[in-house]
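Work through the exercises below with the sequence and the model open side by side. Each task is followed by a solution that goes step by step.

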Amino acid sequence: MDKPLDCLVIGGGPAGLTAAIYLARYHLDILVVDGGKSRASWIPCSHNHAGFPDGINGKELLERMRTQAQKYGAKIVTEQVTKLERDSDRGLFTATWGSGCAVARSVLLATGLTNRKPPMDEELHDLALSKGLIRYCPICDGYEVTDKKVGVIGAGSHGVAEALFIRSFTADVTLIAPDKAMQLTAEDRDRLEQAGVPSVDGPAHAVAISGECITVDTAEGHHTFDSVYPALGSDTHTLLAEMVGAELAKDGCVLCDEKMRSTVPGLYAAGDVVHGLDQISHAMGEGGQAATTIRNDLCAEQQMLRPPLGETALEEVEGGA
């Protein structure tokens, strides 16, 4: 491109697309490059996203957001950015992907994270996910397992914490070690015992779907549940941030200030790649904050006022047209 973009948005999930809507409506020249792997697309039906009392499918939500961003002039390409460079002398970024590249004055990273999947066949996993038999976010959908039989595949304090969180929705929760005998501290064992949550040794392997239930094979035999929550951690997509020298927080997320600025001038981040509540609503809020910060920072760097209205246009405005 002869002229650098005002902003390149990398990632087309809720954070990136919210930012794209804002940036486009700020009359900025932007491009969204999306690898098409947003976690939101996994959601069969979200019931806690405000404004959709009957729930909304994750893919449908993303498609609506893409349409809205494009309505205001945002350009979106489906590609995976593999390289990000920064020219500190010129204050410009260059992003590269399979079929091209772009130069931009600023970059918003909305690259998210990936949940670690439980050991099971890929097709079985996707089918279970679509049926609500595998769930990844008890904050989002704990309500849906109220008084149901739930298995949590996890170990250590993280697995215990998720099992106890789900225990507030149902009394029938079992914690299963993912790959070996359950190893817990005396304190964690006491917390599970007080909550009435049994623990089962692994390895755990989801093996079958029967009707509306999922069966997990363990060292202690088969267990059948209404839903299973993998509590196996996640991998945050920070590689591009690291390529340009951005500092990471202790938890491995991109370190940002309250306005979503990273430690690299011109680089911003929002959504699950930043430390915070991994929720659609939270990501959207960060996307709006990041977009507004980007707009204001760019304006501070250079004059970005709209050109004067022509006489005809001015007459129309004054006439209430």
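A residue is called buried under 20% relative accessible area, exposed over 50% and partly exposed in between, with a 1.4 Å probe and protein chains only. The model is predicted, so local features need pLDDT of at least 70 and side-chain atom pairs count only at pLDDT 80 or more, while totals for chains, interfaces and linings use all residues. Residues are numbered from 1 along each chain as its sequence is written, and side-chain values use heavy atoms, with hydrogens and water left out.

**Exercise 1. Describe the protein chain as a whole.**

Begin with the secondary structure, which comes to 9 helices and 17 strands; helices (H or I, at least four residues) and strands (E, at least two) are DSSP runs, numbered from the N terminus. Next, take the extent of the C-alpha trace, which spans about 80 × 45 × 35 Å along its principal axes. Finally, consider burial: of the 321 residues in the chain, 43% count as buried.

**Exercise 2. Find which residues of helix α3 are buried, and examine the ends of the helix.**

Helix α3 covers residues 122–130, and its buried residues are L124, H125, A128 and L129. They lie on the same side of α3 because they cover an arc of only 135 degrees around the axis, the arc being that of the directions from the helix axis to the C-beta atoms. The cover over these buried residues includes β12 (205–210) and β13 (213–218). Just after α3, G132 takes a positive phi of about 75 degrees.

**Exercise 3. Classify the ring pair formed by F165 and F169, and state how accessible each residue is.**

A pair of aromatic rings is described by the distance of the centres and the angle of the planes. Rings of Phe, Tyr and Trp (its six-membered ring) pair if their centres lie within 6.5 Å, and planes under 30 degrees apart count as stacked, over 60 as edge-to-face and the rest as tilted. A search of the whole structure finds 3 aromatic pairs. For F165 and F169 the ring centres are 5.9 Å apart and the planes stand at 50 degrees, so this pair is tilted. F165 is partly exposed, at a relative accessible area of 37%, and F169 also counts as partly exposed, at 24% relative accessibility.

**Exercise 4. Decide whether the two faces of strand β10 are covered or open, and identify a bridge partner.**

Strand β10 consists of residues 173–176, and both of its faces are covered: V173 and L175 are buried on one side, and T174 and I176 are buried on the other. Strand β9 (residues 150–154) runs parallel to β10 and is joined to it by 4 bridges, where two strands pair if DSSP finds at least two bridges between them. Among these links, V150 has V173 as its bridge partner in β10.

Technical notes. Contact means heavy atoms within 4.5 Å.
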